[in-house]
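Visitor: I have a model open and would like to go through it. Can we take it piece by piece?

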Amino acid sequence: MFVTEWNSSALVKAATKAGKKKNALTPMTFSLLHATDFADRLLYKIIPPLKAGMIVLADRYAYTAFARDVARGVDREWVRDLYGFAVQPNLSVYFRVPIDVSLDRLLARRVKLKFYEAGMDMGWSSNPTESFRLFQSKVLEEYDSLVGEFGLTVIDASASITEQQRLFRKMVSEKLERPAS
Amino acid sequence: MTTPPSPNRGAQGGVTPGHYYGHGLPYLSIDRYPGKIIALEGTDGVGRSTQIRLLREWLEVQGYGVVETGWTRSPLMQPTIELAKSSNTLNKLTFVLLYACDFADRLEKEIIPALKAGFIVLADRYIYTAIARAGVRGVDSQWIRQLYGFAIAPHLVFYLKIDADALARRVLETAGMEYWESGMDMKSGDDIYESFRAYQRSLLKEYAAMADEFGFRVLEGKKSVNSIQEELRRQVGEFLDGSGSPKVLGAEAGS
């Protein structure tokens, strides 16, 4: 088994970090940098374990880009074409959570919301919490339309972790027992 | 892959200059911006930068405001691209995407603001270099065109044409052959001279194939610097005279 995380390739880390630090990213460069990161991981970290018959657990996949970049104003069709090189996952699970729950969880863990995570680059509100609410609501809207378009399986993430994990394990073992389905 | 979208097709089948090639940047409307983009394309060592410098001088004397933009010169991406090139960790996809990111950064931060302010943007290489390099490396041609659907079609594209042998001599006389410009990443052998010629030959083929598609104005790169510059000035002058491009205030009377 192999785990790969969003935005973790060494290649683009420097540019992403510099851009985020200076708040210098536009919706388009934000989108392209994340696609570069994904391409780098796809070729070095995702395809080799797949070829070796391993299971790749991806913490976020192209769908994150579809939801986030479009919420920022990038063209919906363009970003789907951009990720045309991606491998279609065998199982894609979407942990859905209402905006208030995600805000509570994030604020409980750390003091400040991050600039891009809160969509502060959009200039919709100078209040980070308000900006987060506006931006992430758009992101969630996009996710909801992805569910049907790409056949994502939804797990209610406001349920307890035990309950979510029980469902998740069930889905995964069903997929592994009947991989063709 | 679907057919690339073409909302901005002009009378000749190509995209209207000054409009986005494809979906563009939906959050940035560029309608009726007074500036112009003039791109100079051609492979490494063909003499683009010299021509751009001379053209810029001439345009400024005429009273035009000029902004230059060049490949991989974005402050955001330049360090990453340099690092990636020196450590050979680029594969064909990341290669293409890093360049696209560099272009997007310059488009939004340099090119579009300059167009809005009525400047002439001189582009030392444009997206065609990226398309040619990707094509040689086997990247899907439809995909790369869709990728650059966020680019703006220039008002004029000049292509400095040269053959691989003449180019090899010229490069050897000046900077010498370089790893990436010789396509050594394509691992066709250790002989850099042979690799350079084979790589540049395939690149030239890609450029040639784009000439009609993107309306290149072809200039003979083997001619003298002065005669190429004369031809450039003649064509650029003709275009600008008919375009009503704004000149910097006050400069007209003095020049």
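Visitor: How many helices and strands does chain A come to?
Guide: This is a predicted model, and in it chain A has 7 helices and 4 strands.

Visitor: And in what order do the elements of chain A run from the N terminus on?
Guide: They go β-α-α-β-α-α-β-α-α-β-α.

Visitor: What is the radius of gyration of chain A, and what would a compact globule have?
Guide: Chain A has 17 Å. A compact globule with 181 residues would be near 16 Å, so the value for chain A agrees with that. Along the principal axes, the C-alpha atoms of chain A fill a box of roughly 50 × 35 × 30 Å.

Visitor: How much of chain A counts as buried?
Guide: The share is 29% of its 181 residues.

Visitor: Switching to chain B. Which residues of helix 7 are buried?
Guide: Helix 7 of chain B covers residues 192–213. Its buried residues are Ser195(B), Phe196(B), Tyr199(B), Gln200(B), Leu203(B), Leu204(B), Tyr207(B) and Met210(B).

Visitor: Where do they sit around the axis?
Guide: They cover an arc of only 160°, so they are on the same side of helix 7 of chain B. On the other side, Glu194(B) and Asp212(B) are exposed.

Visitor: What covers the buried residues?
Guide: The cover includes strand 1 (36–41), helix 4 (127–136), strand 4 (156–161) and helix 6 (164–173) of chain B.

Visitor: Last one: what follows helix 7 of chain B?
Guide: Gly215(B) follows, and its phi is positive, near 65°.

Key: Residues are numbered from 1 along each chain as its sequence is written. Chains are lettered from A and ligands numbered from 1 in the order in which they are written. This is a predicted model: local features need pLDDT of at least 70, side-chain atom pairs count only at pLDDT 80 or more; totals for chains, interfaces and linings use all residues. Helices (H or I, at least four residues) and strands (E, at least two) are DSSP runs, numbered from the N terminus. The expected span of a helix is 1.5 Å times one less than its number of residues. A residue is buried if 20 or more other C-beta atoms lie within 10 Å of its own, exposed if 12 or fewer, and partly exposed in between; C-beta atoms are placed from the backbone. The arc is that of the directions from the helix axis to the C-beta atoms. Two residues are in contact if their C-beta atoms, placed from the backbone, lie within 7 Å. The radius of gyration is taken over C-alpha atoms; the globule rule is 2.2 Å times the number of residues to the power 0.38.
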